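Hello,

Here is the structure I said I would pass on. Please open it first, then read the notes below with it in view.

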Amino acid sequence: MGKIDIDSIYKKTREHYERAKSSLLLSHKAFSESAEAISDTIPGYEADYLEFGSYDKDNFAVLFVDMRKSTLRAERLGPEKTFLSMHVYIPALLQVVEHYQGKVVDIMGDGIMVFFGGRSSSMAKVMAVKNAGLCGKRMLEIRENVINRILEEEKIEWEIDLGVGVTYGDVIVTKIGIANFYDVKAYGDCVNKASKYSNVCNQVKVSKQVKKLWPTSENGKIKFLATNDGESYLLT
């Protein structure tokens, strides 16, 4: 996989921000092009082909990225600067996800859940784990070189910090709800832990399984620092 292009991500994120800024100044919706919205359909499990109550087993590398102290930040900045900040933060991170071939399952406020691999994907589990981990590390790089750079240029005072959790494991995929209100969800310990592990600040925390599956060909470029909980590592 080629090297991530920070300048390109900066340029595209800038474009998203400027359109959001224009929308705010003109008090109207500036986003008009046709595009497919992100769906929280699990990769390979479209809702139209699933029945309520049925389930399938699969396994994924799971990444969860979350903005740190976002509530306090929003209180300090107010709604307009928070709105503008999100139009920097989300587009920049999604471009990193796209580069590493992840599938965005959900955007929950300032949290983003991403799956890698799965049996419907040609991505082997070792590659899925590696892509998820590297995606997290590049998100930290983009935080510094794109997100906070734009915020500083726009004099939005409070820089953004984020945490990334990465796990790998079994999930059960199911269609849940009723006829007119339903969702496709993946349940599993790896999903819960990815969210839990994102409690770090400007670091990537990974599970034992991620460490175990990580390809040895990295030749020391990637290191795993054990944490105090005895069950996770910081990716350095």
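**What Leu63 touches**

Leaving aside residues up to four places away in sequence, Leu63 is in contact with Ile112, Met113, Val114, Phe116, Ala132, Cys135, Gly136, Met139, Val164, Gly165 and Val166. Keep in mind that the model is predicted.

**The cores**

Leu63 is among the residues with the most contacts inside the largest nonpolar core, together with Val65, Tyr89, Phe116, Met139 and Ile147. That core has 50 residues. Helix 4 (residues 125–153) supplies the largest share of this core, twelve residues.

**The strands**

Which strands pair with strand 1 (residues 55–67)? One partner is strand 4 (residues 162–178), and the pairing is antiparallel, with 13 bridges. Within this pair, Val173 of strand 4 lies opposite Asp56. The other is strand 3 (residues 111–116), which also pairs with strand 1 in the antiparallel sense, over six bridges. Here Phe64 has Met113 of strand 3 as its bridge partner. As a general point for reading the picture, side chains in a regular strand alternate between the two faces of the sheet.

**Confidence**

The average pLDDT of the chain is 89, and 92% of the residues score at least 70. Confidence is highest in strand 6 (residues 204–207), at a mean of 98. Strand 5 (residues 181–187) has the lowest, with a mean of 85.

Regards

Methods: Residues are numbered from 1 along each chain as its sequence is written. This is a predicted model: local features need pLDDT of at least 70, side-chain atom pairs count only at pLDDT 80 or more; totals for chains, interfaces and linings use all residues. Side-chain values use heavy atoms; hydrogens and water are left out. A nonpolar core is a set of buried Ala, Val, Leu, Ile, Met, Phe, Trp, Tyr and Cys residues joined through side-chain atoms within 4.5 Å. Buried means under 20% relative accessible area, exposed over 50%, partly exposed in between (1.4 Å probe, protein chains only). Helices (H or I, at least four residues) and strands (E, at least two) are DSSP runs, numbered from the N terminus. Contact means heavy atoms within 4.5 Å. pLDDT is the predictor's confidence in each residue, from 0 to 100. Two strands pair if DSSP finds at least two bridges between them.
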